[in-house]
Amino acid sequence: MMVDLMPREVLYVGRRQFSQIAPLRRAGRVYVYRAAEAPGDSPRSLVLSTDMVLVLVLVVLVLVFLWARRPQRPAGLPPGPPTFLIFGNIWFTIQSLRGQLKTELKRYRQTYGDVLGFVLPNGQTAAHLFTYEDIRDACAMPEFAGRPQSFATLLRSYQQQLGIAFNEGSSWAEHRRFALRNLRDFGFGKKSLEETVLDEFEELADEITQEMKAPMKVNGRFGVYVLNILWKLVADQRLDQNDPKTQDHVATVSEFFQAIGPRCPLNVAPWLRHFLPEKSGYSTIIRHRESTAAMFGPLVKEHRRTLERSSPRDFIDQFLIEMESPDAEARQFTERNLAIIGMDFFVAGVETTTSTLTWALLLMVLHPDVQARVQREIDSVVGRRSPSYADRVRMPYTEATLTELYRRTAVFPLGVPRRVTRQRVIPFGVGKRFCLGETLARMEAFMLFTCLLQRFRFSPVPGRMPTMNFKPGVARQPEDFVVNVELREQF
Ligand code: HEM
């Protein structure tokens with residue numbers, strides 16, 4: 001109810017008697033009155049002045065204006081939910097921030113079909129493909145090889161388009177080719193790398209054996225060992241897992257992965273970094289960037305000092321040689337890009353493989369019958385010698401278990417967004433941008449999984465059965481859990 005008022009002690013409107021108790025604002029003619037307690041009336045009804053009516057009208061006009069200016073679904077965008085005000089598909093965004101993306105996508109799929117079109121809050125459009133055939137066909141097309149730039153990914157590369165994983169265009173293509181060629185030369189798919197995996201496993205097995213008396217925390221257990229396998233190819237070095245700097249670096253990789261996921265608020269509201277640097281993920285991204293730069297600085301210096309152009313030892317040596325070519329700067333063969341590519345390797349190669357192994361142990365604890373069957377196969381094919389990657393052809397049950405593991409746990413549940421599409425539950429992606437480390441990742445997963453089950457038996461801690469719940473982030477990690485570990489009889 002609204003009425004134009006002049007200040008006075010008591011006012012009657014219809015049957016109601018109002019007494020002025022506390023003008024909240026005396027500017028202009030805005031007063032707030034509370035209804036006196038009259039029989040049959042609500043004791044707290046509010047009466048607003050015409051100025052308040054004007055404010056309300058203004059609010060409505062602004063809303064109408066925003067509605068008229070709301071991002072329109074462009075012609076040709078596949079069907080999808082309607083847009084709302086300036087926020088595009090705001091409900092989809094809210095659900096993804098709440099970690100409910102999968103449920104929401106399922107609901108949309110039922111309504112709109114197998115190809116969904118969205119308008120994101122920043123006005124960009126996106127499509128989500130559900131079927132394998134659609135994903136395969138789209139990813140095979142060169143125009144689908146782009147990567148959308150987000151605030152978070154640009155922040156990590158000093159606002160430049162650097163590296164491989166979050167880059168596109170000719171610089172992405174050249175550096176992807178260069179990385180694949182050189183990582184292959186230094187060990188991808190080679191027997192020598194299997195030796196590195198076995199050495200790392202021995203270190204890991206020692207650590208597990210020492211901690212076997214109490215329930216063993218699984219999350220975070222494999223990071224340094226997995227990093228070391230990659231590090232051998234990149235820097236021909238082994239990092240000491242007891243060095244706080246190494247532990248710190250592995251931790252920042254993991255935090256970074258959580259921070260840049262679909263829930264990263266910075267991509268929707270970059271200004272949040274000024275008010276909530278920690279909560280928005282801003283500080284995490286900067287910490288990871290600086291920690292990688294600090295790691296690469298001295299390493300590059302040392303490699304430069306000892307470089308022998310005729311016999312490069314690792315990826316860094318090859319990159320330094322390329323940096324000497326006359327057009328190196330233009331092709332982004334720079335020290336800064338080397339650190340960003342290193343960051344790509346850590347981020348794409350460490351957290352993913354670590355998550356896969358963590359899920360593997362979780363599933364073995366939940367399905368002891370499968371664990372026992374894999375162990376029987378290991379015993380009959382490998383026995384007590386060290387496994388090799390070639391053994392997998394005679395170990396169909398172990399291979400099938402790993403395939404089921406990739407399917408069930410989908411470390412990258414949405415793939416990594418492409419410029420035009422997203423993809424779902426294809427562990428290493430398909431098409432022009434498929435995972436650059438697939439050969440290494442499959443080999444590492446097979447070898448480390450086989451080694452772990454060959455030597456240890458894992459079982460649930462009574463009363464602390466782990467669940468399939470996972471933490472939010474780009475790469476899916478199970479929630480923290482512990483397991484009981486015993487040495488198998490043969491060891
Ligand atoms: C189980 C382990 C792994 C899984 C599940 C995995 C999965 C993926 C997926 C789904 C993509 C996105 C592909 C796309 O855009 O369509 C990707 C990209 C990538 N992965 Fe992996 N990956 C793993 C291990 C590794 C390892 C060990 C490396 C080591 C170098 C690595 C390096 C990369 C790089 C550099 C990219 C970006 C490729 C590009 O954008 O061109 N990954 N990975």
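On α8 the contact is made by Gly223, Val224 and Leu227, and on α9 by Thr246, Val250 and Ser254; two residues are in contact if their C-beta atoms, placed from the backbone, lie within 7 Å. The contact of α8 with α9 comprises 3 nonpolar, 3 polar and no charged residues. In this classification Ala, Val, Leu, Ile, Met, Phe, Trp, Tyr, Cys and Pro are nonpolar, Asp, Glu, Lys and Arg are charged, and the others, Gly among them, are polar.

The model is predicted: local features need pLDDT of at least 70 and side-chain atom pairs count only at pLDDT 80 or more, while totals for chains, interfaces and linings use all residues. Residues are numbered from 1 along each chain as its sequence is written. The protein chain has 16 helices and 11 strands, where helices (H or I, at least four residues) and strands (E, at least two) are DSSP runs numbered from the N terminus. Of the contacts in the protein chain with a separation of 6 or more, 64% are between residues 24 or more positions apart.

An open sheet of 3 strands runs in the order β7-β11-β8 with antiparallel pairing; two strands pair if DSSP finds at least two bridges between them. Strands β7 (216-217) and β8 (456-460) each have a single partner strand and stand at the edges, so one side of each lacks a neighbour in the sheet. Strand β8 pairs with β11 (residues 482-487) in the antiparallel sense over 5 bridges, and serine 459 stands opposite asparagine 484 in β11. Helix α13 (residues 335-366) packs on the sheet and touches β8 and β11, its direction making about 70° with that of β8. Strands β7 and β11 are joined by 2 bridges and run antiparallel, with lysine 217 opposite valine 482 in β11.

Buried residues make up 36% of the 491 residues in the protein chain. A residue is buried if 20 or more other C-beta atoms lie within 10 Å of its own, exposed if 12 or fewer, and partly exposed in between. A nonpolar core is a set of buried Ala, Val, Leu, Ile, Met, Phe, Trp, Tyr and Cys residues joined through C-beta atoms within 7 Å. The largest such core has 81 residues, and Leu227, Leu230, Val234, Val347, Leu361, Leu448 and Phe449 have the most contacts inside it. Helix α13 gives the most to this core, with 17 residues. Not counting residues up to four places away in sequence, phenylalanine 449 touches Leu357, Ala360 and Leu402. A second, separate core of 7 residues includes Leu116, Phe118, Val119 and Ala126.

Two loop residues were also examined. Proline 81, in the loop between α1 (50-68) and α2 (90-97), is buried because 20 other C-beta atoms lie within 10 Å. Alanine 328, in the loop between α12 (315-322) and α13, is partly exposed, with 15 other C-beta atoms within 10 Å.

Conventions. Axes fitted to C-alpha atoms, helices over the stretch in contact; angles between N-to-C directions.
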